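Please open the structure in your viewer and keep the selection tool at hand.

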Amino acid sequence: MDRLQPDPGAPARADGPDALPVPHEAVAEKRPLLTGIGRGLARYCPNCGNGRLFDGYLRVRPICERCNNDNDRYPADDAPPYVTILLVGHIVVAPMLMLHVIRIWPVWLSLSIFCSLVLLVTLTLLPFVKGGVIGACWSLDIVRDARDRRR
């Protein structure tokens, strides 16, 4: 059987003359998607997993205090509210519409309980979902244009 010969124009690897050529393009760093999403859901820096991702409720900490990663470059604009609304619709609104008590209780009682529940679940989930979106952007290397960033 014939042996594959390396391309004479390509640089050879240092491990012998029969080695295959090294590709010209640089190999990108692998960032696992589940690792990024998991660190973001925990509201930690997706790069190191140790530094805090947020200053307060939803404001992204621009630079991680542990690894100096620029977390402000990952866009999390419209996806977190959309995903949060989708989750709240499935967690609260769909079961609410299937419950028999919505027909039995007075309207004011149903509205006050379920509207409060929707608001509470939405405000609770939003920072976690935003962290998960930032973690996904980190792992997929999705960054915003430098001109669109805060000063």
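Begin by selecting arginine 61, which is buried, with a relative accessible area of 14%; buried means under 20% relative accessible area, exposed over 50%, and partly exposed in between, with a 1.4 Å probe and protein chains only. This is a predicted model, in which local features need pLDDT of at least 70 and side-chain atom pairs count only at pLDDT 80 or more, while totals for chains, interfaces and linings use all residues. Residues are numbered from 1 along each chain as its sequence is written, and side-chain values use heavy atoms, with hydrogens and water left out.

The side chains of arginine 61 and glutamate 65 meet in a salt bridge, at 2.9 Å from N to O; the term denotes a side-chain nitrogen of Lys or Arg within 4 Å of a carboxyl oxygen of Asp or Glu. Glutamate 65 is partly exposed, with a relative accessible area of 40%.

Next, select aspartate 77 and arginine 144, whose side chains form a salt bridge of 3.6 Å, N to O. Aspartate 77 lies in the loop between β2 (59–60) and α2, and arginine 144 in the segment after α4, so the pair ties together parts that are 67 residues apart in sequence.

How many salt bridges does a search of the whole structure find? It finds four. Another of them may be shown by selecting arginine 31 and aspartate 141, with the closest N and O atoms 3.8 Å apart. This pair links distant parts of the chain, since arginine 31 is in the segment before α1 and aspartate 141 is in the segment after α4, 110 residues apart. Aspartate 141 follows α4 and has a positive phi, near 60 degrees.

The protein has four helices and two strands, in the order α-β-β-α-α-α from the N terminus on; helices (H or I, at least four residues) and strands (E, at least two) are DSSP runs, numbered from the N terminus.

Select helix α2 (residues 79–98), which has 20 residues and reaches 28 Å from its first C-alpha to its last, close to the 28 Å expected at 1.5 Å a residue; the expected span is 1.5 Å times one less than the number of residues. Centre the view on glycine 89, where α2 has a kink of about 40 degrees; the bend at a residue is the angle between axes fitted to the seven residues ending there and the seven starting there. Then colour Pro80, Thr84, Val88, Val92 and Met96, the buried residues of α2. An α-helix has 3.6 residues a turn, so residues three or four places apart point the same way.

Move to helix α4 (residues 107–140), where the end C-alpha atoms of its 34 residues are 46 Å apart, in agreement with the 50 Å that the helix should span. A kink of about 35 degrees lies at leucine 126, shortly before proline 127.

Finally, select tryptophan 105 and phenylalanine 114. A search of the whole structure finds one aromatic pair. Tryptophan 105 and phenylalanine 114 form this pair, which is stacked, with 6.3 Å centre to centre and 25 degrees between the planes; rings of Phe, Tyr and Trp (its six-membered ring) pair if their centres lie within 6.5 Å, and planes under 30 degrees apart count as stacked, over 60 as edge-to-face and the rest as tilted. Tryptophan 105 is partly exposed at 31% relative accessibility, whereas phenylalanine 114 is buried at 9%.
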